[in-house]
Amino acid sequence: MKSFVAFLKKEWMDLIRSGRLLVLVILFVVFGIMNPAIAKVTPWLMEMMADSLAETGLIMTEVHVDAMTSWTQFFKNIPMGLIAFVLIQSSLFSKEYQSGTLVLVLTKGMARYKVIVAKFSVMIFLWTFCYWLCYGITYGYNAYFWDNSVANVLVPTAINWWLFGVWTISLIVLFSAFVRNNIGVLIGTGGTVLAAYLIGLLPKVKEYSPTMLMNTAGLLAGAEELATYSKTIGVTLILCVAAVGVSIPIMNKRELL
Amino acid sequence: MDILTISNLWKRFGEKEVLKGVNLNVPEHSIFGFIGKNGAGKTTIMKSILGLLEIDAGEILVAGEKVKYGQTKTNRHIGYLPDMPEFYSFMTPYEYLKFCGEVTGMDSADIKNRSEELLKLVGLGEERRRIKGFSRGMKQRLGIAQALLNRPKLLICDEPTSALDPIGRKEILDILLAAREQTTILFSTHILSDVERICSDVAVLNDGKIVVQGALSEIREMRTSEDFLESLFLEVVDK
């Protein structure tokens with residue numbers, strides 16, 4: 001346990017001193033502010049463009065914005081946040097393989113599964129913190145300008161999307177146990193998400209694809225029931241545990257040079 | 001008693017048979033010079049001892065315990081200094097040793113005392129900068145400190161002096177000599193004068209086998225020339 005805590009502290013120190021924590025926090029704060037800001041300026045932008053649009057034959061009527069506009073923006077922007085998160089965190093293992101820093105730790109008798117669990121925990125903590133920070137900022141502005149109650153099952157819908165992020169992080173861990181460089185991690189993670197997306201296009205099996213958790217519009221508008229996603233949530237949780245579980249024996253047998 | 005015993009060790013990389021039945025015994029409290037030309041398989045043997053490489057056949061015992069590939073408990077007996085050690089560059093030397101001490105399960109008072117003692121031994125006692133700006137020689141010295149931190153029974157150094165200038169080399173050799181009181185040292189090199197200077201025992205690896213092994217004093221007695229180690233090395237390599 002002592003070695004696990006020591007490794008966690010090391011990961012945390014790295015996050016702070018490398019500036020990665022700061023970059024991600026700034027990014028998610030900006031996204032958090034942008035969601036209501038875009039909703040707020042949309043009518044003004046439309047008004048500005050009304051004259052030029054009228055010349056092309058398009059007549060603008062009154063544009064109505066509310067908290068729903070801002071939440072729609074939130075779920076449009078958050079994939080960019082996750083992509084930035086994956087890009088920044090994809091080298092979490094590979095930079096240790098390539099520089100040889102991990103070899104010294106492991107030759108001191110540190111169990112390899114602790115490396116996997118520590119890095120996974122730090123990424124989950126970071127994703128959770130950044131995601132809910134962004135959510136909190138958007139929620140606060142929305143409450144100030146409009147009324148959040150127009151969005152149905154808001155928190156469960158947001159949890160669904162957060163869970164999709166957790167699954168993506170478990171893929172980073174899985175592919176980091178296999179490959180040596182972060183390009184491989186990015187290709188593996190991106191490829192699996194793409195494959196899951198394609199599976200999600202098939203009506204018969206789509207509920208087994210974690211990418212379904214990104215479908216938020218129906219839930220927010222009240223057109224879909226939360227129970228529709230219970231199978232997807234279950235499958236995603238199993239896939240997360242399986243990805244981390246499989247990465248441990250792979251890591252245990254990995255040749256480190 | 002031997003702290004390290006390697007019996008009939010075989011290792012192949014693809015088509016190339018790198019180790020062809022290596023047998024090696026390292027006596028306790030020796031400084032064991034492990035000589036071989038570049039690419040002879042010295043690093044392969046060292047990584048096999050640490051359980052970092054899967055061996056094809058043979059057995060490795062550290063302090064009487066068998067080494068297992070992957071996760072091996074025998075590493076608690078070993079301190080390791082790679083040829084080009086890399087540390088977490090965002091830490092200071094003291095923070096790094098604290099981290100290493102916690103990973104090995106040492107208590108905090110012991111970590112503090114031992115870190116101060118070792119950083120002083122390697123000449124980094126007053127260094128407060130982060131490792132990021134360290135020269136190669138400073139990294140080697142810190143490497144020795146981290147390897148000795150938990151009082152290992154065996155210190156493995158992979159070509160610790162090869163990439164250093166003469167002053168850096170002398171510093172490392174002096175530190176290894178000083179560390180002899182605390183542990184057994186196995187160090188690989190192709191710099192023969194380093195071996196002559198500090199080693200008590202020596203083994204020569206050539207073509208995947210140990211061709212000569214014994215106490216340096218005995219080998220010296222067998223040879224007549226002044227540069228006995230060089231002539232021996234050239235002789236076995238040329239065969």
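Guide: In this predicted model, I31(B) stands opposite I185(B) of β8(B). That pairing belongs to strand β3 of chain B, residues 31-35, and strand β8 of chain B, residues 184-189. The two run parallel and share five bridges. β3(B) also pairs with strand β9 of chain B, residues 201-206. Here the sense is again parallel, with four bridges. F34(B) faces A203(B) of β9(B) across this pairing.

Now the cover. β3(B) is mostly covered, with five of its five residues buried. Take the faces in turn. I31(B), G33(B) and I35(B) lie on one side, and F32(B) and F34(B) on the other. All of these are buried, so both faces are covered, given that burial needs 20 or more other C-beta atoms within 10 Å.

Strand β1, residues 2-13, and strand β2, residues 16-27, pair in the antiparallel sense. Nine bridges join them. L4(B) has V26(B) of β2(B) as its bridge partner. The hairpin of β1(B) and β2(B) has two residues between the strands. G14(B) takes a positive phi there, near 65 degrees.

Key: Residues numbered from 1 in each chain as written. Chains lettered and ligands numbered in written order. Predicted model: local features only at pLDDT ≥ 70, side-chain atom pairs only at ≥ 80, totals over all residues. Buried ≥ 20, exposed ≤ 12 C-beta atoms within 10 Å, placed from the backbone. Pairing = 2+ DSSP bridges.
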